[in-house]
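Reader: I've got a new model open and would like to learn how to read it piece by piece. Where do we begin?

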Amino acid sequence: MTSGLAAPTALELAAAIRQGDVLPTQVAQQALERARLLGPQVGAFVELTPELALEQASATQRLLRTSTERLLGTGTAGSGEAGALPPFAGVPVGIKDLSLVAGVPTRFGSAALPPLVPEFDDGAVTLLRRAGCVIVGKTSTPELGLPCYTEPETGPPARTPWDLTRSAGGSSGGSAAAVAAGIVPVALGSDGGGSIRIPASACGLVGLKPTRGRISWGPHGVDRAGLASLGVLTRDVRDTAAFLDVLAAPWLGDQFLLPRPRTSYLDACERHPGRLRIGLLTRPVIADARVHPACLEAVRITAEALEAMGHVVEPVAPPVAVERWDPFRVLWSVGAASVPVPPEAEPGLVPLTRWLRDQGRRWSGVDYANAIADSQLLARDVAEAWAGFDVIVCPTLAQPPAPVGALRNDADPAADFAAQTEFTPWTSLWNLTGAPSVSLPLHWARPVPSTGPAGPPAPVGELPIGVMLGARSGQEEVLLALAARLEDALPWRHRRPPVW
């Protein structure tokens with residue numbers, strides 16, 4: 001990303017900018033150049049914001065110059081005033097096109113809806129601006145963020161930079177593609193059923209879904225059914241922790257007020273988590289899915305690493321029967337149906353969106369209320385079933401990154417939805433319970449592709465295989481401490497995708 005740093009993390013890049021090794025305007029220009037060059041290949045962006053990015057970078061440059069002049073004038077270089085700079089001054093970011101950026105069109109991944117040009121930022125975007133981040137563009141998402149693939153009508157599909165024939169996942173697929181391709185070190189996403197962790201697995205990234213309410217939807221948004229959480233996609237654990245410190249700020253009127261970390265989430269990465277009891281889950285929870293051998297191998301290798309650290313690892317069974325997941329189906333479809341869509345735009349929605357909205361309209365108010373209650377009972381039953389464990393480890397996905405178009409089925413949206421649940425048979429459990437979970441790129445494999453009607457398959461390169469760690473509600477510090485130790489034991493930052 002910069003001439004002096006090879007694939008820096010956000011923390012490394014912020015330090016380089018602060019020290020004067022690179023200029024914010026140079027960093028912004030290079031990010032925009034990479035976005036123009038690589039963005040279309042991986043389907044990362046729906047819209048770039050060069051004027052906004054360069055304006056923000058120039059303002060950061062002036063702030064740095066003023067800070068330096070003050071320090072030199074007082075002879076106190078390196079003392080407290082430099083610390084007053086925003087923590088990520090000049091660091092470029094991408095914003096998922098479900099979040100509002102003032103003055104920038106938001107399309108919500110839909111070609112059927114008229115673009116919304118908001119007059120204000122969403123709360124998370126406000127916090128990223130306050131942290132000094134430079135917004136280079138809106139990242140691609142599928143229509144309304146509903147499927148676990150990113151193949152919108154508004155642009156090309158989001159592809160994993162590790163294999164351009166395969167999907168970057170969804171619904172934060174554009175954000176994941178932008179980070180994995182080295183365009184930006186961090187991008188904002190959201191996760192209602194795995195939409196941060198799924199693309200993290202497909203793209204070889206870190207993706208954390210925090211505890212419900214940890215990152216507020218305020219001051220303009222609401223929590224609705226409580227399935228979705230905001231978060232970021234990054235290339236390493238410490239960046240994820242540092243941005244959780246930025247985003248976990250309350251707004252007036254929040255319903256969830258969770259305890260703050262002892263010091264910071266970034267600091268938690270440097271602490272030893274203690275000797276943990278860890279449950280190893282390999283059986284699917286929400287669907288009767290076939291699990292690829294590479295995904296099972298990933299958790300086996302992870303378990304060995306955890307045992308080598310001194311943790312106790314024991315196999316666990318799914319905490320509840322498959323049918324207990326049914327409240328998610330109700331909440332997800334009612335959520336789709338509740339999105340305000342002009343009647344004239346409804347026929348232009350993609351088949352899956354129309355099918356989900358139709359399903360949502362069929363549920364009564366009593367059905368919806370019962371689904372809320374059932375999801376709360378599910379959270380209690382899962383907590384009781386796994387009460388003896390500090391962390392649960394399982395594959396993030398049942399399969400390696402899916403070929404583009406393999407899950408989408410416009411002719412049969414019900415089959416499309418079923419295929420998605422089989423591809424992601426663990427992630428949405430953590431949305432229903434509200435507990436935190438993170439996907440880490442702990443394994444890499446060369447899956448053998450099946451021969452299609454066009455003849456022998458093309459060779460498959462090494463693909464990332466994510467492993468998911470989940471903890472009890474509010475235990476992000478334990479999760480991040482353990483994730484940081486795993487990053488040290490099974491490092492991944494030395495790897496580069498072919499598209500870089």
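Author: Let's start with confidence, since this is a predicted model. Over residues 450-455, pLDDT stays under 50, and the model has 3 contacts there beyond four places in sequence. Residues 75-83 also stay under 50, with 13 such contacts.

Reader: On to the pocket, then. How many residues line the largest pocket, and which lie nearest its centre?

Author: There are 46 lining residues, and Leu98, Leu144, Trp217, Arg224 and Val339 are the ones nearest the centre. The space inside comes to about 1,300 Å³.

Reader: Which element gives the most to that lining?

Author: That's α10, with 5 residues. Helix α10 spans 326-337, and α4 (123-130) and β4 (186-191) also supply at least two residues each. By residue type, the lining of the largest pocket divides into 26 nonpolar, 15 polar and 5 charged.

Reader: Now the charged pairs. What's the general idea?

Author: Side chains of opposite charge can pair when their charged atoms come close. This structure holds 22 salt bridges. Take Arg107 and Glu47, whose side chains meet at 2.8 Å, N to O. That pair links distant parts of the chain, 60 residues apart: Arg107 is in the loop between β2 (92-96) and α4, while Glu47 is in strand β1 (residues 45-48).

Reader: Is Arg107 buried or partly exposed, and what about Glu47?

Author: Arg107 is partly exposed, with a relative accessible area of 23%, and Glu47 is partly exposed at 23% too. For a contrast in setting, look at Asp191 and Arg197, which form a salt bridge with their closest N and O atoms 2.9 Å apart. Asp191 has 0% relative accessibility and so counts as buried; Arg197, at 0%, counts as buried as well.

Reader: What does the bridge between Arg357 and Glu346 tie together?

Author: Their side chains meet at 2.8 Å, N to O. Arg357 lies in helix α11 (residues 351-362) and Glu346 in the loop between α10 and α11, so the bridge ties together parts 11 residues apart in sequence. Both Arg357 and Glu346 are buried.

Terms used. Residues are numbered from 1 along each chain as its sequence is written. This is a predicted model: local features need pLDDT of at least 70, side-chain atom pairs count only at pLDDT 80 or more; totals for chains, interfaces and linings use all residues. Side-chain values use heavy atoms; hydrogens and water are left out. pLDDT is the predictor's confidence in each residue, from 0 to 100. Contact means heavy atoms within 4.5 Å. On a 1 Å grid over the protein atoms alone, a cavity is a set of points where a 1.4 Å probe fits but cannot get out, and a pocket is an open set with protein on both sides within 12 Å along at least five of seven lines; lining residues have an atom within 4 Å of a point. Grid points are joined across faces, edges and corners, and a volume is the space filled by probe spheres set on the points. Helices (H or I, at least four residues) and strands (E, at least two) are DSSP runs, numbered from the N terminus. Ala, Val, Leu, Ile, Met, Phe, Trp, Tyr, Cys and Pro count as nonpolar, Asp, Glu, Lys and Arg as charged, and the others, Gly among them, as polar. A salt bridge is a side-chain nitrogen of Lys or Arg within 4 Å of a carboxyl oxygen of Asp or Glu. Buried means under 20% relative accessible area, exposed over 50%, partly exposed in between (1.4 Å probe, protein chains only).
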